[in-house]
Amino acid sequence: MLQNEEFIHEFVEEAMTNVEKAESGLLKLDDASEDLEQINTIFRAIHSIKGTAGFFGLKKIVELSHSMENVLGELRNNRTKIDRELIDLLLASNDCLKGMILEVGRSEECDISKYTIKLAAAFERGRLIAEKQTDKLSDNDSTSERIIIEEGRRHGHKLYRVRLLLNEDLGKKNITPIKFFNKIQSIGNIVDSKTDLSSIEDLDKCLNSEITFTFLFTTVLEKGLLPMALDIPESRIEELDSNTKTEDLLNNAGKTQPFVQHKSGLHNQYKKEEQEKEAIDKKNQPVVFEDSVRVHVSLLNNLLNLASEMVLGRNQLLRAMERYRKDISGIEPILQNIDRITTELQEKVMQTRMQPISNVFNKFPRIIRDLSRKLGKEIELQLEGTEVELDKSIIEALGDPLTHLVRNAADHGLELPEIREQKGKPRVGRIVLKAYHEGGYVNIDIVDDGAGINLEKIKKKALEKELASKSDVASMSDQEVLQLLFKPGFSTAERITDVSGRGVGMDVVKTNIEKLGGTIEIFTSAGAGTTFRLLLPLTLAIIPSLIVEVEKQKFALPQANLQEIVRIRPGEAARKIEYVHNSEVLRLRGRLLPIVHLADVLGLVRTYKDPLTGETKEDRRKTLYDRRRMHFANAETDISNDSYAIESRRSDLNNIIRILVLKIGSRRFGVAVDAIHGSEEILVKPLSKYIKNSKCYSGVTIMGDGKTAMILDPDGIISKANLRFVEDGEDKITIESKENEERLREQQNLLLFKCSGPETFAIDLSMVSRVEEIKRADIDKVGDKEFIKFRGSSLRVIRPEDYLPVAKHESMQDRLYVIVPKLVKHPIGILIEKIDDTVLTSIRLNEEVLSAKGLMGSAIINKTMVLLINMYELFELADPHHYAAALGRKAREEKVVLVAEDTPFFQRMERSYLEGAGYKVLLAQNGREALQFLQENKVDVVVSDINMPVLDGLELVRKIREDDRLRNLPVIAVTSLTGEQQKKAGFEAGFDFYEFKLDRAVLLDRIEQALQERRRAV
Amino acid sequence: MTGKVLTFRLEGGLLGIDITLVKEISRSVEFTPVPDAPEYIVGLFNMRGQVVTLLNLMKMIGKDGKKWEQKSACIFLKNLQGDASDQVGFPIDAPGDVVDIEDEQCEPPPANVGGMEGEFIECVVKLEDELLIIIDPLKVFEQ
């Protein structure tokens, strides 16, 4: 049984690899002049296409590749000079070849004459030169086959002829002709091969009827060994006398119709030449063993599944053996070993699906080359990080969006060479494609050093196309204007060229990237260029997700869509959940968030547990609000013993409402669930056909406990729950709320809490990573230090009251909290007893009333006196070793640091850090003030906030860079704007360093570094 | 038909399927129900890394089937379509014996077994003390 599809598929796959190899080789020739190795590579690639195409009777492919091969042969022998024109011709021919291979069924219809004629002409030129140089050609009797045979004989090779029946000998063993061809090449040299297709009309049939292949080859092996080496019956092999007439070699082997022959007759008189070269080439080459194997993707997927299953099995085993670990001697190392190997196995199997990004990147040199000619621009392409690996499926899906972006960069981004020169830029425009890892994601930057995106033009266009209203545009930030590019129907090119702007626009790029679970960002700076950044997950198969529970059933929710989780305690529900007719909404930061209950969406009956009887009853209340209010109201009117039950149910902790805030595009909604079980990395499996119609699921997974769980599809939930979003209105609200957030940002977000004493403390939330709830018993004591387990390692915890001049009580409270700080090198948790509140406020800090190391001062918040903790000083007290400013104070005393910062709190913090380390500090309230200081004083380093009134940090640094005297002054941004975009914008404006508020150690490091670099520069 | 048949009890009746179609039998299966799925879906089950869809056989052949509880016995079929996500099984009350049957014991579905149900019956086997209804699972699950 022959699977003809598979044969052709294999041919196409192999030929495509070769075409690509040839293409990249040709492109390298383009700039690296005559590189013999390169020419050889191309030659081999084309030759191999010719060889394999011969089996399938693909005459046109054979003919074209043969013509190419001839020219390449001349190149290799240095008889033809490489020039751009010739490479263009070869590239064009190669493209045609690629086209024919991809459409293999129709390749015979293709008109290749325009290539073959030109190639023949090129070949002719080379040959004429050749004739002048040598008279070798006069030996007209000797054919190419003869040369290989002679060549072989000199090395002790014997000549064999193998005749194979395609079905009988190859098909049954699942060997394809191509594999067989390769097999022979691994033991000797193929002289010629022939496929007898006399009885066959077309390609499809050829694979199903009995066909004879005849191979003529030389090898050192004895006849007796060949059946074994080639895995064919001995009767198929014939040893020939190497003096047999060339014409008879193939033809006396049965039928005599040379339907397809490797060497097409077209250039018969020259082929000797080339064959000879080939023979020499082969002689000089060691047999190359492939270091890779082609494996079907489905097999890899199976392996991946099995490996994941193995992980589950391992987990179960470890759990089951936990109790016996001590009892069975020697079991411990075995378990550990299995544990480790399983993890490694899983990782390796995951890796098999990974492919280097060069698979996509490599086509761009060619695209850029074509583009630069077409557009009349000089473009240099730089590829970085080509070794970065991504899941196969992502690599495959990345081609089109990337091509689009690169074309855009070349077409719209880069200016014409003349214009570039006028602007004082190098004539040659640069496009950089850069892939790198960042935070569990792979980023791909497409950078051009062109004109940058003209924001005004975008706005104008958006208005013209009615993609946004005037008032919208006026209030948009730059980033938001850039986002307009992704609106359907947008194209910034003034005219539509055939290079880019073909109607399918950036919106498609964005959708495609989002389909992969990625996002896209734009940074642009007028005159300096534009960067498009794609952020992509490493793999599609495994996604982080949240395990949620509703009515005792667990579901996985992909975290990509999850924005935040809102917990509403019983008493608060009425305050926060409100009604529009019968629909529940939640006021979330000034916006109404529609809420659906997952149980309702899935058609599950909501239940509650009766606290009196312990029975599970159907919950007839239709809304979350009912849960709190209606029954309470009932209880008042209907004075029965029910009221007690309701009362206690109200206070039941399980009645906390947990709302997952999901966002898809601009659509935001809340999903209420019963419980949240934390996050898990899940392996997505496809839905069976029986459930495919259920909208709410996107797949199924097997969780750590071995149970299956459905993966929720937020999009499906929207349609199932009939949520209708008004897109435009939504956008506007987003913008407004963003502005609100911006405005609020310079206020301080404080976490208020109590320790064992009566004092209220506050810490700026920007310094808090998270607050962890622990039990008293979780605290381990080592000496006089206390530790807790946090994310798998131990975290030291301290009690502020031990270090600060405040009251201290023995408390037996069992539930405690630990504040885990953000952005510190040596984290220490702060152990507290009670969280009071978080407030957003601008405070007036009083440093006089209470001053002590570890405290910033006091303030009145909500009529209470609050002590603001200076976390770093506190840590310094607790852990002098890591936190003390130990470095040479003296050298620093001469150094002046200018701090531009408008928030008094941060002013004080930064000042205390810097002065503590021995610097002299100048304080400026805003950018303008800072500039003034700079004119009047000698300053060594500037530390600047970004958001400041009057003149912000970005402007400040731009002004500094413009000033001749200040140009080299190191400027460090210290900001609470933690976005990558802002960071990028910061660097573009001219900051030397960009740090987040506010890690003392990092800030001091940076200043030190800046000073050192400056010293070097001066 | 001729050959070995796996018999099982389902809602009172004695049913059988061609044993060559059976992958395995499990006596206690804990499955995950799928809310919002068609009612003939019992749930999903993780069989060594393969997600198997459990179907309600009675409902599949158009009868009123009972609601299945956890830890029921199940028959899992071999995957005949080659698509790993379409692995199926169905819960049963109790597995029975494997019996050899001969053509002469079999009769086509009687004329009065009509409609949908009849379509899925391959044949009826006259055992000594009882009738064994052989169903064609391919027809049932391929509809």
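Predicted model: local features only at pLDDT ≥ 70, side-chain atom pairs only at ≥ 80, totals over all residues.
I started with helix α33 (residues 904–916) of chain A, which lies across β37 (896–900), β38, β39 and β40 of that chain and runs at about 165° to β38(A).

I read the strand order as β38-β37-β39-β40-β41 in chain A, an open sheet of five strands with parallel pairing. β38 (920–924) and β41 (993–996) of chain A are the edge strands with a single partner each, so one side of each has no neighbour in the sheet. From one strand to the next I have an average twist of 20°.

I zoomed in on β39 (residues 941–944) and β40 (residues 971–975) of chain A, which pair in the parallel sense over three bridges. Here I found A:Ser944 opposite A:Ala973 of β40(A).

A:Leu954, A:Val957 and A:Arg958 of α35(A) make the contact with A:Ala985, A:Gly986 and A:Ala989 of α36(A). By class I have four nonpolar, one polar and one charged residues there.

Last, the chain contact: 18 residues come from chain B and 24 residues from chain A. On the chain B side, β4 (41–47) and β5 (50–55) each supply at least two residues, and β4(B) gives the most, with four residues. I class that side as 10 nonpolar, five polar and three charged residues.

Notes. Residues numbered from 1 in each chain as written. Chains lettered and ligands numbered in written order. Contact = placed C-beta atoms within 7 Å. Nonpolar A, V, L, I, M, F, W, Y, C, P; charged D, E, K, R; others polar. Pairing = 2+ DSSP bridges. Axes fitted to C-alpha atoms, helices over the stretch in contact; angles between N-to-C directions.
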